[in-house]
Every structure is written in C-alpha cells, then in structure tokens.
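Please look at the sequence and the structure shown below. A short report on selected features comes after them.

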Amino acid sequence: MTHKVSKNYGWASGGSSILSEFGTLHMEFSYLSDITGDSVYRERVQTIRAVLKDIEKPKGLYPNYLNPKTGKWGQQHMSLGALGDSFYEYLLKAWIQSGQEDWEAREMYDEAMQAIIKHMVRSSPGGLTYVSDMKFDRLEHKMDHLACFAGGLFGLGGRSLNNAFSEQYLEIGEGLTSTCHESYIRTYTRLGPESFRFNDGVEAKALKAQEKYYILRPETFESYFIMWRLTHDQKYRDWGWDAVQALENHCRTPTGYTGLKNVYLTEPVKDDVQQSFFLAETLKYLYLLFSDDSLLPLEDWVFNTEAHPLPVKDRNPLYRPAAGSSSP
C-alpha cells in the first residue's frame, strides 16, 4: 500500500489474475452502489464482466487464469473447484440479487453451465455424477470438495427460472450432491476428503495423501441446505445430521473444532486448526438446513460466497437503495 503497487501471485500462471477472485465481486459492489448512490462500484465490476463476456472462450469454458496486462487467458485449466468456483456462483446469484433484472448475468450463467455439462460433467461406471477439472483439453477425473457447492448451484439454477435447462440443472444438482455425500460415507470418519477421484476402479475416494484431509469445509452442507429448501427431500436433512454427528465425534475438542489429516483412519490426527469459515459457513448452513423455510427464505435472500445473506431487490424490504440511486 505504501508504494501503491499491486501484483499477482507468481505461481498463478506467470502472475495472472485468478477467475474466482476478480469474478467474485459483482454482488457486493453492485449492492454497494445502490446503498451509497455512488455508481463507481458497479462500473468497476461491469468492466470486468464486459471483458469476460466478449473474450473468446475455449469450448465456451472459462480458464482459471487471465493475464491482466495482455487480456489473454493463461494456463488452460478449467475448474468448478479451486480457482474457478465462485465466479460461476456469482453469475447466477447476481441475477437473483437484482430481482431477476440482470439478464446478462443469467445468460452468461446458462452458457457457462451448458459448456461445463458438455465438457466436464461425467458419470462414473457406478452411476455417480461428478464434475472434472480440465487441463489443456484433457479431463482430470477428480472432484474437489470445493466443487461440492455445485450441487446447490445447479439446483438453484433449475428452480429459479423455468426454461429449457431447468430439469437438466435440477437432475445434475441432485446427482452432484449425492456424489459429495458418497465421498463422506466412504470414509471411516464419515467426513469428506479435500478431493476425490474416479479412476482405476475407484469412485469418490481420495487416492493421494494430500487429498485425504478435512478442514471443516462447508460446501457439501451448502448443497444439502439448498437442495433441502428446493425439494424438501428428507434425505438431505438425514445426510446433514449424519455429518453433524461425525463433526461431534471426530472434530470437537474442549476448546473448539479441528480439521483432520486423514479422514480414512480410525483415529485420525487432528490438525489443531479451526478455520474461520467453520463458523461463517459450515455451522450456518447446517443450522439453516434444520431451520424453518421462513428463516432467510431463498426468495428474499441470496448468500454470497462466504455465506453472508444479501437482500434480493424488489423482494426484500431490507434492500434499501440510497435516495436517487438507480440500478439496472
């Protein structure tokens, strides 16, 4: 800050900007413009979106890295997990937050989801639906725990608008959520690994040591919550309660909750860290899963990527723009 110089991570494809970072500002900045009456915040994120809308996308997909100097994509790595996840989330949720007026966001969401379905969503021999990473035109049959939010993302996309994709989205949302649940119950602790694979006869299980840890992540519970609200299928609450018991049995300590270094062991070593998102997201989504629909109803509230509820325009009286402000 002193030298007024900014720079990106060197490891990020030669100092590129990361899709899930510059693509996860739209809801907050748009809302900030409305409640302050200052359009500068919305203008900044609209500029980012305009670049992403117009740039050529390989197979209709968004790589995780964009060079801010050249305006060209970096490494051809596409993911609904780390580095990409919340960009797609905000395309849908910006449309919802706007009172379904931001049709540019909805159209970009549908286009992106159709490309992901075509090129990255797959079904295992055992019938499990999963979303792969793609690297340099080649699928890596691995799904991150971070990508387990996608069950709710597809489900919400299917139920928030009745269009040609609605049934497909809901089916995929149910399938992805079920697969993430399978990744939990195929461990001894009944808590999910950081990532899990679908190859060499293995389905929904971690193979490498660095994939077997659990750090109190919320994404699977986020999908349980959203799918419960959309369908009221009791299995989502049953799955959530099973996870609550697993957290109590394996992660609770006298001073808080801890992650586990290997979810497949009968006595896993604790990592002695309670992540901040455990309170902000994990426990919040589990609480909402067992709460009445009238608590933060999805028609009136939309959750940002850190599970903070924002009011929906023209639906929620708490969406209070500044006098004289206008939004698209």
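## Model and domains

This is a predicted model. The chain is divided into two domains: domain 1 spans residues 7-123 and domain 2 spans residues 141-299. Taken over C-alpha atoms, the centres of domain 1 and domain 2 are 24 Å apart.

## The interface between the domains

The size of an interface is often given as the accessible area lost when the parts come together. Between domain 1 and domain 2 that area is about 1600 Å², and carbon and sulfur atoms give 68% of it. In domain 1, the residues that lose the most area to domain 2 are Leu80, Gln114 and Ile117, which together make up 25% of what that side buries. In terms of contacts, 20 residues of domain 1 meet 18 residues of domain 2.

There are 0 salt bridges between domain 1 and domain 2. Polar contacts do cross the interface, with 8 residue pairs found, both residues of each pair being at pLDDT 80 or more. On the side of domain 1 that touches domain 2, the elements giving two or more residues are helix 4 (85-97) and helix 5 (103-119). By class, that side of domain 1 has 10 nonpolar, 4 polar and 6 charged residues.

## Salt bridges

Side chains of opposite charge can pair when their charged atoms come close. The structure holds 18 salt bridges. One of them joins Asp102 and Arg49, with 2.9 Å between the closest N and O atoms. This pair links distant parts of the chain, as Asp102 is in the loop between helix 4 and helix 5 while Arg49 is in helix 3 (residues 40-54), 53 residues apart. Asp102 counts as buried at 14% relative accessibility, and Arg49 counts as buried at 5%.

Another salt bridge is formed by Asp110 and Arg106, whose closest N and O atoms are 3.3 Å apart. Asp110 and Arg106 both belong to helix 5 and are 4 residues apart, about one turn of the helix. An α-helix has 3.6 residues a turn, so residues three or four places apart point the same way. Asp110 has 10% relative accessibility and counts as buried; Arg106 has 1% and counts as buried.

Arg190 and Asp242 meet through their side chains in a salt bridge of 2.8 Å, N to O. Arg190 lies in the loop between helix 7 and strand 9 and Asp242 lies in helix 9 (residues 234-250), so this pair ties together parts that are 52 residues apart in sequence. Arg190 counts as partly exposed, at 35% relative accessibility.

## Thr187 and its loop

Thr187 is found in the loop between helix 7 (166-185) and strand 9 (195-199). Its relative accessible area is 6%, so Thr187 is buried, the cut-off being under 20%. The side chain of Thr187 makes a polar contact of 3.4 Å with the side chain of Thr189. A polar atom of the Thr187 side chain also lies 3.0 Å from the backbone oxygen of Leu191. Leaving aside residues up to four places away in sequence, Thr187 touches Pro193, Val263 and Tyr264.

## Helix 6

Helix 6 (residues 150-160) is largely enclosed by the rest of the structure, because 10 of its 11 residues are buried. Among the buried residues of helix 6 are Gly151, Leu153, Phe154, Leu156 and Ser160. What covers the buried residues of helix 6 includes helix 4, helix 5, helix 7 and helix 8 (219-231).

## Ala94 in helix 4

Ala94 lies in helix 4. At 3% relative accessibility, this residue counts as buried. Not counting residues up to four places away in sequence, Ala94 touches His26, Met27, Arg49, Asp102 and Ala105. Arg49 and Asp102 are also the two partners of a salt bridge.

Methods
Residues numbered from 1 in each chain as written. Predicted model: local features only at pLDDT ≥ 70, side-chain atom pairs only at ≥ 80, totals over all residues. Heavy atoms only, no water. Domains from an automatic or database assignment. Contact = heavy atoms within 4.5 Å. Buried area = accessible area lost by both parts, 1.4 Å probe. Salt bridge = Lys/Arg side-chain N within 4 Å of Asp/Glu carboxyl O. Polar contact = N/O pair within 3.5 Å; in protein donor to acceptor, adjacent residues only side chain to side chain. Nonpolar A, V, L, I, M, F, W, Y, C, P; charged D, E, K, R; others polar. Buried < 20%, exposed > 50% of the residue type's maximum accessible area, 1.4 Å probe, protein only.
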